[in-house]
Amino acid sequence: EIGLGIPAEPLFRSTNIANAYAQRREFIINLATNLPEDATEDQMREIDTEVEIIRSEDARREDVEKLRAVRAAKVSSGNGLVIEKSSVGGIHELDRTQEALGSEEYERVFADYISRGADIPHEFAQYAERQNQVTTTTDTGVAIPTTLSNRIVEEMRQHGLLYPYVTQDNVPGGVDYPVMNFKPTAQWITENKVSDTQKASAETISFKYFALEVRTARSLLQHYTTLKAFNDRYVAIAAEAMGDALDLAIINGTGSGQPLGIAKDPRVVTKVAMKAAEMPKWDAWHKNFKSKIKPAYSNGVLIMNNATFEQYVNGMVNSNGDPICHTTYGVNGQEIKRFLGKDIITVDDIILKDFDSAANADVFAIYANLKDYMINSNLQMRADNWEDKDTNQFKTRHLLIADGKPLDAAGMILLTKGAAS
């Protein structure tokens, strides 16, 4: 037991899943109603956390019952159709899977699986351990609860450097798609002329199924005793690691076992060489770089190492002494950097080297509209445990299936380090 006597084991799982929630709910309500007068602040916070979990789960179950009632009413009135699982695509099974993997009971089961290596109960195993659609094997672990998957994706979109700005979609892999499917254009029509199907370019694009893996030691998550604490830490670990990996792939991915990055895509042919003597000069940037931006791609951003920005760009002035680079602050206090009328995104050394550290011909900055880069993923994550025989440690891996590559490379520009003359 912990704190006020709340049983620790049922936080994560129970041998009787069907009754676990009802029993725990009754226990928590009784405990909150009869809270001792000498309860400490830590104990009160503990019971507050448990009460909030109960309230959230009650609301979720009430919403599920309302949805079921609506569906039943449609069927009884003749507006709906009961479809058996064996008939069309397992529609009922899909609903049941989403409901099971989004429940608080499964969150507890998953937390126990990750932190203690406990087995997944049969009630959830039929949904969590089903064959993976990509690998068609059964050794791909279990599904991460949809609530946690959604939180991980949201964290990646909020805190990523590049991932939040790229196009994100979910289309089947292994199929050639016309690029114009993702970047349609518009045209005027008349009574005698309709808009043709987009065929401005014969260029096609296809995506593969690459596995992005995050490995952690079980001990990293083993000491969290409340479900909320476990969930918060789990989301933070997965989101940071996956977000960093996707940011890196968007720029430097090789396309072999991982997405194809902008700097590695042979279709990006516009390159601008900048010599060290030209880096602090406004007229050199204007002549060498800005003149290469095509009008149709004028809404891009500059991506560079923070050291490059601070040493060469920040504080630059034109021939009249007017500042070229402007740094302002948004309502959240975040820096907004602009240079030559373009927003600047600064990144770490692992993504782009700073100008001084780069070798001749290395890419030190990139200009692109990040919407012209696409990450393709269904964002369904899985996790499994295994024992590392080399270190005698129990570890967990977290998997995300994804691919990515530029949709339209015509407006992308690679800035490289030129040899000193």
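Me: Where in the structure is L340 found?

Reply: L340 is found in the loop between β9 and β10. Helices (H or I, at least four residues) and strands (E, at least two) are DSSP runs, numbered from the N terminus. The model is predicted, so local features need pLDDT of at least 70 and side-chain atom pairs count only at pLDDT 80 or more, while totals for chains, interfaces and linings use all residues. Residues are numbered from 1 along each chain as its sequence is written, and side-chain values use heavy atoms, with hydrogens and water left out.

Me: What phi does L340 have, and is L340 buried or exposed?

Reply: Although L340 is not a glycine, its phi is positive, at about 55°. Its relative accessibility is 7%, so L340 counts as buried (under 20% relative accessible area; exposed is over 50%, partly exposed in between, with a 1.4 Å probe and protein chains only). A361, which is not a glycine either, has a positive phi of about 80°. A361 is found in the loop between β10 and β11, and with a relative accessible area of 58% it is exposed.

Me: Which residues of helix α9 are buried, and where do they fall when seen down its axis?

Reply: Helix α9 covers residues 306-313, and T308, F309, Y312 and V313 are buried in it. Seen down the axis, these buried residues fall within an arc of 105° (taken from the directions from the helix axis to the C-beta atoms), so they line one face of α9. They pack against α8 (282-288) and against the strands β7 (301-305), β8 (325-329), β9 (335-339), β10 (342-347) and β11 (363-368).

Me: What is found at the start of α9 and just after it?

Reply: At the start of α9, a side-chain oxygen of N305 reaches to within 2.7 Å of the backbone nitrogen of A307. Just after α9, G315 takes a positive phi of about 95°.

Me: At what angle do α6 and α7 pack?

Reply: Axes are lines fitted to C-alpha atoms, for helices over the stretch in contact, and angles run from 0 to 180 degrees between N-to-C directions. Helix α6 (residues 146-159) and helix α7 (residues 227-252) pack at about 50°, with their axes 8 Å apart. From α6, L148, R151, I152, E155 and M156 meet residues of α7, among them Y234, V235, M242 and L246.

Me: Which residues does E213 touch, not counting those up to four places away in sequence?

Reply: Contact means heavy atoms within 4.5 Å. E213, in strand β5, touches R397, H398 and L399 on that count. The C-alpha atoms of E213 and H398 are separated by 5.6 Å, although the two are 185 residues apart along the chain. E213 counts as partly exposed because its relative accessibility is 31%.

Me: Where is A211 placed?

Reply: A211 is in strand β5 (residues 210-217). Leaving aside neighbours within four places in sequence, A211 is in contact with L399, L400 and I401.

Technical notes:
Polar contact = N/O pair within 3.5 Å; in protein donor to acceptor, adjacent residues only side chain to side chain.
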